[in-house]
Amino acid sequence: MLNATITGSITSELKTDEQGRLYCSIYSDQARRSVRAIVRNETHAKLIGELPKGGRLSASGKLHSAGAIGPSGQTLAYLTIDVQTLKIH
C-alpha cells in the first residue's frame, strides 16, 4: 500500500459508506481531485464534524483506489485515503 496526503476543502459532511465506515470528501484545488477520506478515529471524526463545509484540512494515510468506466466511456479512478493523521488549517 502507498501512503498519501491530501490538503484541501471538505466538500461533504461525515457520512457512512456501504461498508459502514465514516467518511468525508476532500477536494484539492492544486491536484484538481476529490478524495474520499475514511475516518476511523473518534477524535478525528469529532474534529471534522465541527468544521464547516469548505473547511480546510490535510489528511494522510493509506491510499486505496478503484476504477470504473463513466457514462461517457472514460476511465474514472476513485481514490480513498484511510486517515491516520489529520491537520486542521
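**Salt bridges, core and pockets**

Q: Which residue does Arg-21 form a salt bridge with?
A: Asp-17. The closest N and O atoms of the two are 2.9 Å apart. A salt bridge here is a side-chain nitrogen of Lys or Arg within 4 Å of a carboxyl oxygen of Asp or Glu.

Q: Where do these values come from?
A: This is a predicted model, where local features need pLDDT of at least 70 and side-chain atom pairs count only at pLDDT 80 or more, while totals for chains, interfaces and linings use all residues. Residues are numbered from 1 along each chain as its sequence is written, and side-chain values use heavy atoms, with hydrogens and water left out.

Q: Back to that pair. Is Asp-17 buried or exposed?
A: Buried, with a relative accessible area of 7%. Arg-21 is partly exposed, at 25%. The cut-offs are under 20% for buried and over 50% for exposed, with partly exposed in between (1.4 Å probe, protein chains only).

Q: How many salt bridges does the count come to?
A: The count is 3.

Q: OK, what does Glu-18 pair with?
A: Arg-36, with the closest N and O atoms 3.6 Å apart. Glu-18 sits in the loop between β2 (15–16) and β3, and Arg-36 is in strand β4, so the bridge ties together parts 18 residues apart in sequence. Strands (E, at least two residues) and helices (H or I, at least four) are DSSP runs, numbered from the N terminus.

Q: Is Glu-18 buried or exposed?
A: Exposed, at 68% relative accessibility. Arg-36 counts as partly exposed, at 25%.

Q: And what is the salt-bridge partner of Arg-40?
A: Asp-82, and their closest N and O atoms are 2.9 Å apart. This pair links distant parts of the chain, 42 residues apart. Arg-40 is in the loop between β4 and α1, and Asp-82 is in strand β6. Arg-40 is exposed, with a relative accessible area of 52%. Asp-82 is buried, at 15%.

Q: Switching to the inside. Which residues touch the most other members of the largest nonpolar core?
A: Ile-26, Ile-48, Leu-57 and Ala-59, out of 15 residues in that core. The elements giving two or more residues to the core are β1 (2–10), β3 (22–28), β4 (33–39), α1 (42–50), β5 (56–69) and β6 (75–88). A nonpolar core is a set of buried Ala, Val, Leu, Ile, Met, Phe, Trp, Tyr and Cys residues joined through side-chain atoms within 4.5 Å.

Q: What does Leu-57 touch?
A: Leaving out residues up to four places away in sequence, its contacts include Ile-6, Ile-10, Ile-26, Ile-48, Leu-51, Leu-86 and Ile-88. Lys-87 and His-89 are also among them. Contact means heavy atoms within 4.5 Å.

Q: What about Ser-9, buried or exposed?
A: Buried, with a relative accessible area of 18%. Ser-9 is in strand β1. Not counting residues up to four places away in sequence, Ser-9 touches Ser-25, Ile-26, Tyr-27, Gly-54, Gly-55 and Arg-56.

Q: New topic, pockets. What lines the largest pocket?
A: Arg-33, Ser-34, Val-35, Arg-36, Ala-77, Tyr-78, Leu-79 and Thr-80. The elements giving two or more of these lining residues are β4 and β6. By class, the lining has 4 nonpolar, 2 polar and 2 charged residues.

Q: How much space lies in the largest pocket?
A: About 180 Å³. On a 1 Å grid over the protein atoms alone, a pocket is an open set of points where a 1.4 Å probe fits, with protein on both sides within 12 Å along at least five of seven lines; lining residues have an atom within 4 Å of a point.

Q: What volume does the second largest pocket have?
A: About 150 Å³. Its lining includes Glu-18, Arg-21 and Arg-36. Tyr-78 and Thr-80 are also among the lining residues.

Q: Last one. What is the phi of Arg-32?
A: Positive, about 50°, although Arg-32 is not a glycine. Most residues other than glycine have a negative phi. Arg-32 is in the loop between β3 and β4, and counts as exposed at 70% relative accessibility.

Methods:
Points joined across faces, edges and corners; volume = space filled by probe spheres on them. Nonpolar A, V, L, I, M, F, W, Y, C, P; charged D, E, K, R; others polar.
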